[in-house]
Amino acid sequence: MMFWIGILLVGFFLLVIITIVGYTLKTGISPMPGSAAARREILRQLKIIPDHHQKKTIVDLGSGWGHLVISVARQFPQHRVVGYELSLFPWLTSIALKHLLRLDNLILYRKDFFNADLSGADILLCYLFPQAMNALHEKIQQEDLRIEILISNCFALPSRQADQTVRLKDAYNTPIYLYRF
């Protein structure tokens, strides 16, 4: 009996790993959570945005395992928080946390945000890689998105100077870029 349970567990973990690797190859980045320091800084930036008490739609582009999107939904229950994630198991983990924590202001899509309608977004959050930042910049321009703010962990938008850059006091001196539109 224990043998078969062990086989099932190994099979399940292999399925998880294969799925994550597959989506990593498809998207070009693994569902890697940002650091706790980056999450704290992004939450701090959201708190000092003018009119942050007004109802906004905050969108996490590539919400992964839910580290940031769950924290944002918990800190800002007055806002609508949306997360996009393609990788199956990170998305399922986020869904489970959403229900466990009863976050009614949080909507999670298993969808490529590049194919999503972001026209209702007020604030975009992301931890992408340089090519995806290029594609995001093009999407913002081509679709004439009327976002107010974009906060990016690690990677800057091309051809645009950040309005504010905060360097974390970590081993990598990680930048958090804030853009006002």
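Zero disulfides turn up in a search of the whole structure, which is a predicted model.

**Cysteines**
- C126 is buried, because its relative accessibility of 3% falls under 20%.
- C154, at 21% relative accessibility, counts as partly exposed.

**Packing of helix 2 and helix 3**
- Helix 2 (residues 36-47) packs against helix 3 (residues 67-75) at an angle of about 35°, and their axes lie 10 Å apart.
- The two helices, helix 2 and helix 3, cross in a right-handed sense.
- On the helix 2 side the contact involves R39, I42, L43, L46 and K47; on the helix 3 side it involves H67, L68, S71, V72 and Q75.
- This contact comprises five nonpolar, three polar and two charged residues.

**Surroundings of helix 3**
- L68, V69, I70, S71, V72 and A73 are the buried residues of helix 3.
- These buried residues pack against helix 2, strands 1 (57-61), 2 (80-84), 3 (106-109) and 4 (123-126), and helix 4 (88-100).

**Salt bridges**
- The count of salt bridges comes to four.
- E41 and R44 form one of them, with their closest N and O atoms 2.8 Å apart.
- E41 and R44 are three residues apart in helix 2, so about one helical turn separates them.
- E41 is buried at 10% relative accessible area, whereas R44 is partly exposed at 38%.
- K139 and E143 meet in a salt bridge at 2.9 Å, N to O; K139 is buried at 4% relative accessibility, and E143 is partly exposed at 40%.
- R146 bridges to D144 at 2.7 Å between the closest N and O atoms; R146 is exposed at 62% relative accessibility, and D144 is partly exposed at 43%.

Definitions and conventions. Residues are numbered from 1 along each chain as its sequence is written. This is a predicted model: local features need pLDDT of at least 70, side-chain atom pairs count only at pLDDT 80 or more; totals for chains, interfaces and linings use all residues. Side-chain values use heavy atoms; hydrogens and water are left out. A disulfide is a pair of cysteine sulfur atoms within 2.5 Å. Buried means under 20% relative accessible area, exposed over 50%, partly exposed in between (1.4 Å probe, protein chains only). Axes are lines fitted to C-alpha atoms, for helices over the stretch in contact, and angles run from 0 to 180 degrees between N-to-C directions. Helices (H or I, at least four residues) and strands (E, at least two) are DSSP runs, numbered from the N terminus. A crossing is left-handed if the near helix is turned anticlockwise from the far one by less than a right angle, and right-handed if clockwise. Contact means heavy atoms within 4.5 Å. Ala, Val, Leu, Ile, Met, Phe, Trp, Tyr, Cys and Pro count as nonpolar, Asp, Glu, Lys and Arg as charged, and the others, Gly among them, as polar. A salt bridge is a side-chain nitrogen of Lys or Arg within 4 Å of a carboxyl oxygen of Asp or Glu.
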